[in-house]
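Here is a colleague's note for someone meeting this structure for the first time. Please keep the model open while reading.

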Amino acid sequence: WKGDRLVAHNRFRRLMLFEYAPRQNGRPLRLPVALQCFDRYVGTQPDWGTEAVQLRVAKAAFNAGCDAHWLDAAWFEGGFPNGVGNWFCPPQRFPNGLKPLSDACHQLGLKFILWFEPERVAPGSQIAREHPEFVFGGDKSGLFKLGDAAARRWLADLLSRRITEFGIDTYRNDFNLDPLGFWREADAPDRQGITEIRYVEGHYALWDELLARHPGLSIDNCASGGRRIDLETCRRSVPLWHSDTGCAPGHADWNQTQISGLSLYVPLLGACAWTPEPYDLRSAATAGVICQFPVLDAKFSFSAARAALSEVKENEKYWYGDFYPLTPCTLGPSALIAYQLHRSDLNAGIVLAFRHSECPYPVLQAGLRGLNPRASYVVNFFEEGRPNQQRTLTGRQLMNNFELRLSQRGSSLLVRYKLATNTSSASAHK
């Protein structure tokens, strides 16, 4: 590409969004606002992986303003990671399977997201015992043979049964194993790469089979975070969990930087917020967000969570537009990060800006993109701890030294703008 690099990035982003990304009802996939508290509670709540507690959490997801309940690696015999390869529920914890949980979700208007890691097989697991011929490593454990047609058909049948039995809306496929050694060991010196090729083809074929059998199913693509973002995987799935840094709190700054870089290439991605506080939530929210909120704590405010997530939902539509970094993609406590999302079809967009904890600069002068310099725009400023301020500015003012002010260190600013109603559509597009 010659010329403006961000023009090229946004053409590529549009190509990904409208020609490659998964679609539902004729539109690019809508990402969830999901409650997922596995990392918060699995070590401190002994009965976390039980029907009773998960029904309680599903109701909490609804009360908090989420639209999906996400059950991660806490539902199968043996637990994580020792139980991978046991894709069935322990009867003492889930005596009725997971259908009561998905039924409760659906009655509340929630989607149900469920975690699997079908490609890793733990020693002593059901797959290792009953089908060692399907595993690189045999009954000693290892990597499932996705390149083996018979093995793949067996796995597709198993996963399809679980999707139907459990009422799954989003199938979450994790992958926490380095496969390269298994692939190389399986090939003769003059055939290196063949097993890898067949495996990757089998990976795509498995997902195609599940999507064909279950219309409306979506796939969350995880591999210790969003490490599988090749083109063909992105055609079939979205990385709702873009990094395993979301497994612990305190990484809001990292979320900003990761989103700022990755959004130029992968338009649909998710990140995790541990609290509904503005800085944390705005740092993680994209077209959706994953919430590790402390919903089982007695003092948790569901009304505050609903108010915070209403902002996320209002901003959601802009993530289906063009993306413009307004600052370099940097890390560190003295950094200031900002980016813009613009919907040319709506003549509207948002800006998100973050002043890190040791940043000495309270003001960033930025130049917004995609606007008409002669048009007028209504601009709303939502700075943490301050009332909303509204101004009317011209496109030229927004495109040249537009002032983003963050009075406090460790704070965020949300700006929403839209074409003023007294600006005719003809003049706005001149």
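1. Basis. This is a predicted model, in which local features need pLDDT of at least 70, side-chain atom pairs count only at pLDDT 80 or more, and totals for chains, interfaces and linings use all residues. Residues are numbered from 1 along each chain as its sequence is written, and side-chain values use heavy atoms, with hydrogens and water left out.

2. Arginine 172. Look in strand S9, residues 170-173. Strands (E, at least two residues) and helices (H or I, at least four) are DSSP runs numbered from the N terminus. Arginine 172 has 2% relative accessibility, so it counts as buried. Buried means under 20% relative accessible area, exposed over 50%, and partly exposed in between, with a 1.4 Å probe and protein chains only.

3. Its neighbours. Leaving out residues up to four places away in sequence, arginine 172 touches residues including Trp70, Asp72, Trp115, Phe116 and Asp220. Contact means heavy atoms within 4.5 Å. The side chains of arginine 172 and aspartate 72 make a polar contact at 3.0 Å. Such a contact is a pair of N or O atoms within 3.5 Å; within protein, one must be able to donate a hydrogen and the other to accept it, and residues adjacent in sequence count only if both atoms are side-chain atoms. Aspartate 220 is 48 residues from arginine 172 in sequence, yet their C-alpha atoms are 4.5 Å apart.

4. Aromatic pairs. The structure holds 25. Rings of Phe, Tyr and Trp (its six-membered ring) pair if their centres lie within 6.5 Å; planes under 30 degrees apart are stacked, over 60 edge-to-face, the rest tilted. Tryptophan 75 and tryptophan 87 form a tilted pair, 6.0 Å centre to centre with 35° between the planes. Both are buried. Tryptophan 75 also pairs with phenylalanine 116: centres 5.2 Å apart, planes at 70°, so edge-to-face. That pair links the loop between S4 and H4 to strand S5 (residues 111-116), 41 residues apart. One aromatic cluster includes Trp75, Trp87, Phe116 and Tyr171.

5. Charges over rings. The charged end of lysine 145 sits over the ring of phenylalanine 136, 5.4 Å from its centre. Arginine 416 does likewise over phenylalanine 382, at 5.1 Å. The test is NZ of Lys or CZ of Arg within 6 Å of the ring centre and within 35 degrees of the ring normal.

6. Helix pair. Helix H6 (residues 149-166) and helix H8 (residues 194-213) pack at about 35°, axes 10 Å apart. Axes are lines fitted to C-alpha atoms, for helices over the stretch in contact, and angles run from 0 to 180 degrees between N-to-C directions. Among the contact residues are Leu155 and Leu159 of H6, and Ala205 and Leu206 of H8.
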